[in-house]
Amino acid sequence: PYDVLIVGGGPAGAAAAIYAARKGIRTGVVAERFGGQVLDTLAIENFVSVQATEGPKFAVALEQHVREYDVDIMNVQQAAELVPGKLIEIKLKDGGSLKGKTVILSTGARWKTINVPGEAEYRNHGVAYCPHCDGPLFKGKRVAVIGGGNSGVEAAIDLAGIVGHVTLLEFAPELRADAVLQKKLHSLPNVTVITSAQTSEITGDGKRVNGLLYKDRNTEETKTVELEGVFIQIGLVPNTEWLKGTVALSRHGEIEVDAHGRTSIPGVFAAGDVTTVPYKQIVIAVGEGAKASLSAFDYLIRSSVD
Ligand code: FAD
């Protein structure tokens, strides 16, 4: 068995692998797609000490750093089930099975998409999902935020301080965000809120976004907004479907962890976007991965499994 078996090869899993391997213990990483969400990212400008890089480049650097150590990387493998026990078993979709004295879950998350024409075509070319990451790229420009829940309204408030103008579109007749956020939103001079709006298309000139179309659900009329960017904020879904009924999950499906990265199952730790730790960012995932790995090591030196 592995001393530390890591499920997920994004920034959190990579950091966990490096920290475990540096303890000289048997370390494995099983990942569907080594690199994780950064493979889908264009510019990264907020990873402290790296002024600017690109997602695929960052993913290569992650893998190279892990490969400096004696770590088994099992790529293109999907974990399908976790079986607790003295040795923790991870069953793979293809029928295989791996065992670890400890397991670190770092399967990340994915942004919900609105599935309208233009969304996929202009991803990273005007369509964005992360205001902390991409907000500054739209300095002085016009953007829309789709989604009037807490994350959408927070994004609109955040972006209003950077961009020229924000149009917030919500499908329902009312915003769903906390009252205090709505009050703040309505106090901002460069924000327009449109409710009962169903976004139907994101348009562009073949290279970049130049507008969006929405249906006014009260009148059934289709309307246009001219803009340079669209932030989609209708939710981030943790990749925990395969864990239901094992580790404790929050009502949003995130793995509940304590300050040491421990889950509800002894020997099972978690890190990164898949957990309840707030603010889904690379720098945070990396820190949490390192922490979970040190916690797993601490658990190993205190446990009787050999
Ligand atoms: P992930 O990166 O999601 O990695 C999860 C890993 O688990 C992957 O290897 C995946 O294949 C694997 N996995 C999932 N399910 C299974 C399974 N069942 N079995 C096996 N493996 C599985 N953050 C920033 O800090 N700066 C930015 O500029 C930035 N820009 C972004 C732009 C975009 C378009 C996106 C989508 C995200 C961006 N982020 C940015 C967020 C950042 O990418 C995430 O916070 C970070 O990647 C989280 O790392 P993670 O390791 O927790 O999860």
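**Entry 1**

I looked up Glu63 and found a relative accessibility of 23%, so Glu63 counts as partly exposed. I noted that the model is a predicted one.

I then asked which side chain meets that of Glu63 in a salt bridge. The partner is Arg67, with an N to O distance of 2.8 Å. I located both Glu63 and Arg67 in helix H2, which covers residues 55-67. The two are 4 residues apart, about one turn of the helix.

**Entry 2: Arg142 and Glu228**

I turned to a second pair, Arg142 and Glu228, whose side chains form a salt bridge at 2.6 Å, N to O. I placed Arg142 in strand E11 (residues 142-146) and Glu228 in the loop between strand E16 (222-226) and strand E17 (229-232), so this pair ties together parts that are 86 residues apart in sequence.

I also checked the accessibility of each partner. Arg142 has a relative accessibility of 34% and counts as partly exposed. Glu228, at 22%, is likewise partly exposed. I recorded that Arg142, Glu226 and Glu228 are linked in a network of salt bridges.

**Entry 3: Asp258 and Arg262**

I found a further salt bridge between the side chains of Asp258 and Arg262, at 2.7 Å from N to O. Asp258 is partly exposed, with a relative accessibility of 32%. Arg262 is partly exposed as well, at 41%. For the structure as a whole I noted 14 salt bridges.

**Entry 4: The ligand**

I next asked how many residues surround the ligand. There are 35, and the closest are Arg33, Gln37, Asn46, Ala79 and Ile282.

I then looked up which elements contribute to the shell. Helix H1 (11-21), strand E3 (43-44), strand E9 (109-111) and helix H6 (282-302) each supply at least two residues.

Finally, I listed contacts between ligand oxygen atoms and the backbone. A backbone N or O atom of Gly9 lies 3.0 Å from a ligand oxygen. A polar backbone atom of Ala12 is 2.9 Å from an oxygen atom of the ligand, and for a polar backbone atom of Ser106 the distance to a ligand oxygen is 3.5 Å.

Technical notes: Residues numbered from 1 in each chain as written. Predicted model: local features only at pLDDT ≥ 70, side-chain atom pairs only at ≥ 80, totals over all residues. Heavy atoms only, no water. Near = heavy atom within 4 Å. Polar contact = N/O pair within 3.5 Å; in protein donor to acceptor, adjacent residues only side chain to side chain. Salt bridge = Lys/Arg side-chain N within 4 Å of Asp/Glu carboxyl O. Buried < 20%, exposed > 50% of the residue type's maximum accessible area, 1.4 Å probe, protein only.
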